[in-house]
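Subject: Structure handover

Hello,

My notes follow below it.

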Amino acid sequence: MIRTILALIFSIFSIISFAQTSEIKISVLDAENDESLIGATVYFEELRKGAVTNLDGIASFTEIPSGRHQIRISYLGFQTIETTIETTSEKTFEFKLEYGGGDLDEVVIQSSRSTRTVKKIPTRIEFIGAEELGEKAAMNPTNISMVLRESTGIQMQQTSLSSGNTNIRIQGLDGRYTQLLRDGFPLYSGFSSGLSILQIPPLDLRQFEIIKGSASTIYGGGAIAGLVNMVSKTPDEEPELEIMLTQTQALGSTGNIFYSKRNKRFGVTLYGSGHYQKQFDPDNDEFSNIPLTKSISLNPKLFYYPSDKTTFWLGINGMYDDRTGGDMTVIENGQSGIHQFSETNISKRLSSQAVYTTEFNSNSSLNIKNSVAFFDRNLSLPNYAFKGTQTNTFTEASYNKETAKSNWIFGTNLYTTQFDEDDSSPIQRDQTDITYGLFANNIYDLSEQWILETGLRADYAQDWGFFPLPRVSLLFKPANGFSSRIGGGLGYKIPDIFTEEAAFNNYRNVLPIDKNNLEAERSYGANFDMNYTTVLFDKISFSINQLFYVTAIQNGLLLNSTNNGNLQFENAKASILSKGTETNLKFTYKDFRWFLNYAFIDTRLSYLPENPQKPLTARHNAGSILMYESEKWRIGYETFYTGKQVLSNGEETRDFITMGFLVMRNFKWVTTYLNFENFTNIRQTNFSPLVFPPQDSPTLTEIYAPTDGFIFSVGVIIKPIGNKDED
């Protein structure tokens, strides 16, 4: 009996041994240049075995049974391959991946004004793709603040408790130094200030492109700290319909819908968004931490394709936003007794965009664009109102010429802005500015390892003068997983009254801009970064990006008190100097991604004694994002650390940690999600009050920590057409 059992066991092991092949090697290459892809994932579906390609682009396997096997090969930024291999006789396989995903190094960036991918552009550009935008839309479907907040070195600074106004700060510099673009149009600035961040829903956006440091040579004045270009979705022959519904425990309801379709000659996209938020007071101090909000946004676009080389599209964006914050009793029942304080912001936006693009041949193209944007805002407080309209126009023509080694861009633009304050205001602060610009930019391949980018813009701003803006960047990319960029340029900003200090005072008693005694702000900046990608333990893909930067602003615009109690703008006598570092780490193992980041921000006000740190700017920030991503599930856990900050009065705040957790489940045409934002319920009122008495005329403090605390949301994304995913 024992002999029979031993013989049977020996026979089984013999069969297993015979069925195993020797080592299987799968080589993964970049289809464009046949370079090995380091860190690509190769996964045997039925066997649940995976490996990551090594420094030679090879993934090795042992104990793979002979026969046919379904494998999946993926690499961020490239199209995933799902295919079948036969391991009975073959032991070495080679596959080439085509571009088509969303990795930072492989996508085509529109803000560079060329058709190059990021890895071939000397300017450092950060990219946020469609998949990540989908996650952030689930976390916050009402606006883009969540998308920007999680980028290293970017701070979303809330400037008003009553309205929720939020400004973007890049590397410690005020929001007015960052240029917000949509499809290359500068549509959000000036009078809309921090409201603009709150009025841009993310569902119809395809990608974000972020340039940190001076980008004024590319897009003109205002991009001293950097720019954010939001790229909209465009129609495809496959129709797409996406409906997103979200509800929070804080009584916020949001609905979004996006539809697109094109045929041979015409295409259309249609986006609509509606949001209702009931006033929310989580700390029970009788003042709202989230204002009562009613908003609606519509954005239809029509595309015309007269030929394969020519596209014309026209878009209209309409928005209405009504938000009221302050004393909860006033919001619910109106003023009575000591309950007098509230702040109401009613804003309306109507803008148009028109773009004509044509290719003369495979190497050159012409692009003409125009936009007109109208913004109307009414800010009301007890015994005070600030209202007016702002009209912006933007016209640009650019010519692109590409050769085997270089890309040339030549262009001219006209930008106008006109603010008209309501005639009932005791202080009239109307302002009109006109800027003419010429620009040229060149990217040249010095060799396969060195790429040089140079540019020059010449702007003439009526009443402010002439601004020459050169820039230069250099990319070094040897074929060993390492690359490095260094660059710098000049910038400028025309003064207007819409600063964070003026907004904090609700523009009360703020005197108009004096063009005779003020000068435009000017800047210079430089940055240097290094990237390295490798494979750890033959299984884990690892990459690191280390950035160093410095930006100096001369003639900084300050708001100081006068002898008669008014507030007057003046130029700083010394510079604002921001310098620091950013570190980004990424680990990839099968379906897991782990991102770690750290930012050191040292922003000094040299015009003040002892060069103090800029108020409300944490010197130390860090984050950790752990993601599991498969065809059916997306699970994310986030942790963010914000260091100590200094208030305007010199008082030091405490540091804090926030955490979030997201679960998404994909079905054939439905995605459901749960989001636990700030589930440790960190609020500023845990550390210090947000509102000081008296009740009828309260003092609102500076905001340095979250005000809304824990927010739980549940939602569903419905894709009845245009979705190829299978359950």
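Start with Leu366. Leu366 is partly exposed, at a relative accessible area of 24%. The cut-offs: buried is under 20% relative accessible area, exposed is over 50%, and partly exposed is in between (1.4 Å probe, protein chains only). Leu366 sits in strand E21 (residues 364-381). Helices (H or I, at least four residues) and strands (E, at least two) are DSSP runs, numbered from the N terminus. From Leu366 to Gly709 the C-alpha distance is 49 Å, and the two are 343 residues apart along the chain.

Two points on provenance. This is a predicted model, where local features need pLDDT of at least 70, side-chain atom pairs count only at pLDDT 80 or more, and totals for chains, interfaces and linings use all residues. Residues are numbered from 1 along each chain as its sequence is written, and side-chain values use heavy atoms, with hydrogens and water left out.

Surface patch

A nonpolar patch lies on the surface, made of Tyr259, Phe266, Val268, Leu270, Leu302, Tyr304, Phe312, Leu314, Tyr356, Ile368 and Ile721. Together they have about 890 Å² of accessible area. Patch residues have over 30% relative accessible area and no salt bridge; like charges are joined within 9 Å, nonpolar side chains (Val, Leu, Ile, Met, Phe, Trp, Tyr) within 5 Å. Areas come from the Shrake-Rupley method with a 1.4 Å probe, and for residues only the protein chains shown count as cover.

Strands E17 (266-277), E18 (292-307) and E19 (310-326) each supply at least two residues of the patch. E17 gives the most, with three. Leu314 is in strand E19. Leu314 counts as partly exposed because its relative accessibility is 39%.

Cavities

How many cavities of 30 Å³ or more does a search of the whole structure find? The search finds ten. A cavity is a set of points, on a 1 Å grid over the protein atoms alone, where a 1.4 Å probe fits but cannot get out; lining residues have an atom within 4 Å of a point. Grid points are joined across faces, edges and corners, and a volume is the space filled by probe spheres set on the points.

The second largest cavity holds about 770 Å³ of space. It is lined by 42 residues, and Ser189, Gly190, Tyr415, Lys493 and Asp496 are the closest to its centre. Strand E23 (residues 406-421) gives the most to this lining, with five residues. By class, the lining has 16 nonpolar, 18 polar and eight charged residues. Here Ala, Val, Leu, Ile, Met, Phe, Trp, Tyr, Cys and Pro count as nonpolar, Asp, Glu, Lys and Arg as charged, and the others, Gly among them, as polar.

Salt bridges

The count is 28 salt bridges. The rule: a side-chain nitrogen of Lys or Arg within 4 Å of a carboxyl oxygen of Asp or Glu.

- Arg169 and Glu500 meet at 2.7 Å, N to O. Arg169 is in strand E10 (residues 166-170) and Glu500 in helix H7 (residues 500-504), so the pair ties together parts 331 residues apart in sequence. Both Arg169 and Glu500 are buried.
- Glu150 pairs with Lys136, with the closest N and O atoms 3.2 Å apart. Glu150 lies in the loop between helix H3 (145-149) and strand E9 (154-158), and Lys136 in helix H2 (residues 130-139), so this pair ties together parts 14 residues apart in sequence. Glu150 and Lys136 are buried too.
- Arg457 and Asp459 meet at 3.0 Å, N to O. Arg457 is buried, as is Asp459.

There is also a network of salt bridges. It links Glu135, Lys136, Arg149, Glu150, Glu629, Arg634 and Glu677.

Backbone

Most residues other than glycine have a negative phi, and most peptide bonds are trans. Please look at these sites:

- Pro693 and Pro694 are joined by a cis peptide bond, with omega about 15°. Pro694 is in the loop between strands E38 (691-692) and E39 (699-700).
- Asp183 has a positive phi, near 55°. Asp183 lies in the loop between strands E11 (178-182) and E12 (185-188). Asp183 is buried, at 14% relative accessible area.
- Tyr507 has a positive phi, near 65°. Tyr507 is in the loop between H7 and strand E28 (521-536). Tyr507 is buried, at 1%.

Best regards

Conventions. On a 1 Å grid over the protein atoms alone, a cavity is a set of points where a 1.4 Å probe fits but cannot get out, and a pocket is an open set with protein on both sides within 12 Å along at least five of seven lines; lining residues have an atom within 4 Å of a point.
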